[in-house]
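Please look over the model below before reading on. The report that follows is meant to be read beside it.

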Amino acid sequence: MKIGIIGGTFDPIHNGHIYIAGKAMEEFSLSKVLFMPTGVSYMKTDVSNAKDRYEMVRLALKDYPNFEISDLEVFRGGYTYTCETIAELKKIYPDDKLYFIIGTDTLFMMEKWKNYDYIFQNVTIIVADRAGENESDQKDKADYLKKQFGAKIKFLKAKKYNLSATLLRAGFKIKSPAYKIKQDCPDSVVRYAEENHLYDSSPMKESEILELLRLDLKPKRITHTLGVVEMAAKLAEIHSCDIKKARTAALLHDCAKYLSTQEKADLCREYHFPVSDLEMSNPELLHAKAGAALASKKYGIEDEEIMDAIYYHTTGKPDMSLLTMIIFISDYIEPGRTHSPKLNDFRAMAEEDLNKCAGNILEETCLYLESRPNNKIKAIDPTTKEAYEYYKIYI
Ligand code: FE
Ligand code: FE
């Protein structure tokens, strides 16, 4: 018999895993595939408990007669080493050929595994290309492992099915039905995870927020966002502000950037945020307020200081809190910005004196808006003007 083995944290198991197993079975004429949830992994912390992950895999495989669940690793105490698992499998299946199904990322790490030469001698590796990494890199690595250790490595021609477990977990955390993303998990798994609150009992992590943002923001905007996170974290550290809050506010500051004008206006109405005629005719201005609402509604942010920082990130306001000031400034001077010749001065100033930096940015903003063609003076948000009046004494 040829037996496939697919290991993973399965936190949660999703349709990508099932697809890869089926494809491997077809391509290499496997008799069955064992799904093996990992136990305590020394590489990943903060993983759902073994019983829940095991149960989700069990539920997911119910309809597949040739897929079996294996508990060899999941309930084993201490660290899990693949070489030990393989030794055990060889006792259970002494006359069968074992095929180990891995992702390309794993191919590049196998040499760091305990007793990797034992692994290479006793199983055939099937590399499933899930992410579409650089193919020649994989081939080179495989050739090297074959030559060096006699590894048997085959590639699985699977269409790209690159689901991110991080994104799936984030999906479970969105409370508002308006933003529920389609879960790429079997229905029984979705039900189990929801009923047992596996993922929605803790706030979203930064990595999860980022995965969700990638669905809504253009790559250019993500790059800008990460620049603001970097700058905000740096300024928060220098000026003794809460770094975690600064990072979260920075990450979400432009979350509503690409919503339609109507969606932005609806969000503001729902949160009783005032919307002026000026904002309705310049919907670009509205993304900050709508962003504060979306941060709460979709991303579960309850901290009013964070919402305030998002709300005022484009206009600023008089007497900003430290956090709001840091986000306002970071948005203007993050490392990817090139829009003003004074940026380097502002960056140095921000480290020394936030009030002075805010005053200078507000001055430049007002001058820029006033000097625009057709003299669109009216397009300056009154809050920006008020903020400038407040901070100009610091210049
Ligand atoms: Fe913005
Ligand atoms: Fe921005």
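The text covers a metal site, a helix and a surface patch, in that order.

This is a predicted model. The iron ion (ligand 2) is coordinated at 2.2 to 2.3 Å by the residues in the table.

| Donor residue | Donor atom |
|---|---|
| His-224 | NE2 |
| His-253 | NE2 |
| Asp-254 | OD |
| Asp-331 | OD |

Along the sequence, these donor residues follow the spacing H-x28-H-D-x76-D. The arrangement of the four donor atoms around the iron ion (ligand 2) is irregular, because the angles they subtend run from 80 to 171°. A tetrahedral assignment would need all angles between 85 and 135 degrees. Asp-254 is buried, and so is His-253.

Helix 17 spans residues 343-352, and its buried residues are Leu-343, Phe-346, Arg-347, Met-349 and Ala-350. These residues cover an arc of only 165° around the axis, so they sit on the same side of helix 17. In an α-helix there are 3.6 residues a turn, so residues three or four places apart point the same way. Asn-344 and Glu-352, on the other side of helix 17, are exposed.

Tyr-390, Ile-393 and Tyr-394 make a nonpolar surface patch of about 300 Å². Within this group, Ile-393 belongs to the segment after helix 19 (382-391). Ile-393 has a relative accessible area of 68% and therefore counts as exposed, the cut-off being over 50%.

Definitions and conventions. Residues are numbered from 1 along each chain as its sequence is written. Chains are lettered from A and ligands numbered from 1 in the order in which they are written. This is a predicted model: local features need pLDDT of at least 70, side-chain atom pairs count only at pLDDT 80 or more; totals for chains, interfaces and linings use all residues. Side-chain values use heavy atoms; hydrogens and water are left out. Donors are N, O and S atoms within 2.8 Å of the metal (3.2 Å for Na, K and Ca); water is not among the atoms, so sites may look incomplete. Four donors count as tetrahedral if all angles lie between 85 and 135 degrees; four count as square planar and six as octahedral if opposite donors are over 155 degrees apart and all others between 65 and 115; anything else is irregular. Buried means under 20% relative accessible area, exposed over 50%, partly exposed in between (1.4 Å probe, protein chains only). Patches are made of residues with over 30% relative accessible area and no salt bridge: like charges are joined within 9 Å, nonpolar side chains (Val, Leu, Ile, Met, Phe, Trp, Tyr) within 5 Å. Accessible areas come from the Shrake-Rupley method with a 1.4 Å probe; for residues, only the protein chains shown count as cover. A salt bridge is a side-chain nitrogen of Lys or Arg within 4 Å of a carboxyl oxygen of Asp or Glu. Helices (H or I, at least four residues) and strands (E, at least two) are DSSP runs, numbered from the N terminus. The arc is that of the directions from the helix axis to the C-beta atoms.
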